[in-house]
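Welcome, and please open the model in your viewer. We will go from one selection to the next and look at what is there.

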Amino acid sequence: MIPARWTTSWSRCRSRSSTVRRTATRLSCTSARTLNTTYDLVFIDGDKREYPAYYNMLMDKGLVHSGSIMLADNILWYGKVVQPVAHNDRHTEALIEFNRMVVEDDRVESVILPLRDGINIIRVK
């Protein structure tokens with residue numbers, strides 16, 4: 001559910017004619033209609049266990065291009081990503097895997113802003 005204040009702000013946006021807003025799960029993002037475009041900006045804030053899958057989908061299916069920015073929210077996960085992982089903590093394991101994938105991917109540059117729960121700013125080279 002999108003809060004009403006966001007919808008109101010969106011309707012007043014001056015660049016709205018050249019901007020596409022999509023709110024979807026990973027599974028619904030893979031529809032043929034959505035895959036026929038590339039994105040300049042992607043905000044990832046979903047099921048933490050699926051962050052690696054979101055990243056792979058965006059990079060491997062050509063949904064982003066050189067210069068695209070991906071913003072991954074909650075990347076520090078209450079500091080859990082730098083502590084020993086609790087047994088069966090799949091959310092933390094996935095975020096650690098996601099961070100590793102981004103750091104090891106030569107196709108991107110990234111920086112983590114340690115604001116609140118952390119946001120990873122990823123730029124496609």
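Is Y51 buried or exposed? Select Y51 to begin: this residue is buried, with a relative accessible area of 0%. Here, buried means under 20% relative accessible area, exposed over 50%, and partly exposed in between, using a 1.4 Å probe and protein chains only.

Two notes before we move on. This is a predicted model, where local features need pLDDT of at least 70 and side-chain atom pairs count only at pLDDT 80 or more, while totals for chains, interfaces and linings use all residues. Residues are numbered from 1 along each chain as its sequence is written, and side-chain values use heavy atoms, with hydrogens and water left out.

**Around Y51**

Keep Y51 selected and show its contacts, meaning heavy atoms within 4.5 Å. Leaving aside residues up to four places away in sequence, Y51 touches I44, D45, G46, A72, D73, N74, I75, L95 and F98.

**The core**

Now select Y51, Y55, M70 and F98, the residues with the most contacts inside the largest nonpolar core, which has 23 residues. Such a core is a set of buried Ala, Val, Leu, Ile, Met, Phe, Trp, Tyr and Cys residues joined through side-chain atoms within 4.5 Å. At least two core residues come from each of β1 (39-44), α4 (51-60), β2 (64-73), α5 (90-104) and β4 (119-124). The biggest contribution is from α4, with six residues. Helices (H or I, at least four residues) and strands (E, at least two) are DSSP runs, numbered from the N terminus. In soluble globular proteins, nonpolar side chains tend to be buried together.

**The rings**

Next, show the rings of Y51, Y54, Y55 and F98, which ring pairs link into a cluster. Rings of Phe, Tyr and Trp (its six-membered ring) pair if their centres lie within 6.5 Å; planes under 30 degrees apart count as stacked, over 60 as edge-to-face and the rest as tilted. The count comes to four aromatic pairs. Y51 and F98 are edge-to-face, 5.5 Å centre to centre with 75° between the planes. That pair joins helix α4 to helix α5 across 47 residues.

F98 is buried too, at 0% relative accessibility. Y55 and F98 have ring centres 5.7 Å apart and planes at 90°, so this pair is also edge-to-face.

**The loop**

Finally, go to the loop between β2 and α5, where you will find N74 and Y78. N74 has a positive phi of about 60° without being a glycine, and so does Y78. N74 is buried at 16% relative accessibility, whereas Y78 is exposed at 62%.
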